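I opened the file and kept short notes. They follow in the order I looked things up.

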Amino acid sequence: LAQEVSTGPALIADGNGVVLLASPASWKYATLKPLSGEVIAEIGRHQFDGRAPGGLTLDVDVEAASVGTPVRLPSPGGGPEAPAALGGHDYLAFSRHLPESAWRLLVFANLRPVRAQALTAGALAAAVAGCLLLGFLYVRQRRRALRAQLESQALLQRANQALERKVAERTVDLSDAVSRLEAEVGERKRAVLELRAAQDELIQAAKLAVLGQLATGITHELNQPLGAVRTLSGNAIEFMKRGNLETAESNLRIVGQLAEQMGAIITPLKTFARKSPAVSSAVDVAHAVASALFLFDQRLQRCGVSVDNRCRAGELIAWCDPNRLQQVLVNLVGNAIDAMLVQPVRRLTVEAWRQADGRIALSVGDTGGGFSPAVRERLFEPFFTTKPAGEGLGLGLVISRDIVRDFGGDLSAESPPGGGARFVIHLPAGAGDATGSARPDQGAFPT
């Protein structure tokens, strides 16, 4: 500021406010305040040799300048125009009385450096304030973020605790459900075992029922060799008494042959009647068919039924239980004989072939009256039978189908185009099965 005061304009004014000396020189005889024309004329007549002062008015308040007042001065080259229109600069005016005179010394300090410094100081203050504000905002935001983080951690901890409670509750529920399920599985296993036992008992009862039906034929088969054995053995004793050992030996040889014949009759019956668990193995279907037909030999002859057995030993091997397969065949053959009793043509046809899916098909067909579509739909219903009251329980086909399904196969019924009925047993092929060809008609019933 001292530098600006030393280089700024200065002037000396008399008691009337007329500039006596000034820098710049163009301000000489200017007035500090506007004066009236009479005063200016009077001052010019007495003090300035007739020269009229007041050509330029600086418009400075002298009293206020004693403590410093801002003013806008005209340009050094300015004329009589108003100061505001001259485009001058802003100054700070200082006024002092000169000792022992009425003159005043006015010094003008340029305000631009001061304003620049003020602006700089203001900018620095604003920057500091901005930094402080940013720091405050950062700390505030940091506190908010920390508070939010703490709240999130608290929420997460509460959520984890709630989740742990739910997991514990669900674990207890799951444990209870597993316990109930294990108990239920145990009950079902016991029920399955009981059902299996009941099914085995039912199968055995069905076997015994079949044996009861075959009792007459079996008795006839055994009576003849037994009578011969009795006669031959008595004759052998008499011949031995007479010393005819050769004839006695011949009779005893015949007795041995008859014993083997009776054993051949009894052995299939023992095998069929034996109660044993189902154990699957490789079974020649031709052997199973031969055993079933053997049991019905006398009944088939008595009822006039001709048998067309197209199964050949060693051609087709199925995987099943031989005893139970024989039981299914016995049931189907017995039903076929019953269905043909009133028919003029009585022919039983048994054949086997390999299906396209590799399974073995074994069919039992008859020339009976067949069955209607409505009856066919109910053939495998428990206790449904087409036989007269008292001659059937309606369980034979149901038991037979369950037996075959235990093998992994199935039992189906067909109505062939030529009439009658046919039941087809579908069995899985066994190991060592010989290569067999499917029938050209894919299972059509032979006429």
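Where is the place of L111? I found L111 in the loop between β5 (104–110) and α4 (112–213). Helices (H or I, at least four residues) and strands (E, at least two) are DSSP runs, numbered from the N terminus.

I noted the ground rules next. This is a predicted model, where local features need pLDDT of at least 70 and side-chain atom pairs count only at pLDDT 80 or more, while totals for chains, interfaces and linings use all residues. Residues are numbered from 1 along each chain as its sequence is written, and side-chain values use heavy atoms, with hydrogens and water left out.

**Confidence.** pLDDT is the predictor's confidence in each residue, from 0 to 100. I read a mean of 78 for the protein, with 76% of its residues at 70 or more. Residues 1–6 have pLDDT below 50, and this stretch has 9 contacts beyond near neighbours in sequence. Contact means heavy atoms within 4.5 Å. Residues 434–447 also stay under 50, and the model has 31 contacts for them beyond four places in sequence.

**Back to L111.** I checked burial (buried is under 20% relative accessible area, exposed over 50%, partly exposed in between; 1.4 Å probe, protein chains only). L111 is buried, at 12%. Leaving out residues up to four places away in sequence, L111 touches P70, D90, Y91 and L92. D90 is 21 residues from L111 in sequence, yet their C-alpha atoms are 6.0 Å apart.

**Cores.** A nonpolar core is a set of buried Ala, Val, Leu, Ile, Met, Phe, Trp, Tyr and Cys residues joined through side-chain atoms within 4.5 Å. The largest has 45 residues, and L325, L329, L348, F423, I425 and L427 touch the most other members. Helix α9 (residues 322–339) gives the most to this core, with 8 residues. I listed the contacts of L325 beyond four places in sequence: V283, A288, C320, F407, I425 and L427. A second, separate core of 17 residues includes W27, Y91, L106 and F108.

**Aromatic pairs.** I searched the whole structure and got 2. Rings of Phe, Tyr and Trp (its six-membered ring) pair if their centres lie within 6.5 Å; planes under 30 degrees apart count as stacked, over 60 as edge-to-face and the rest as tilted. W27 and F108 form an edge-to-face pair, 6.2 Å centre to centre with 80° between the planes. W27 sits in the loop between β2 (19–23) and α2 (37–47) and F108 in strand β5, so the pair ties together parts 81 residues apart in sequence. Both W27 and F108 are buried.
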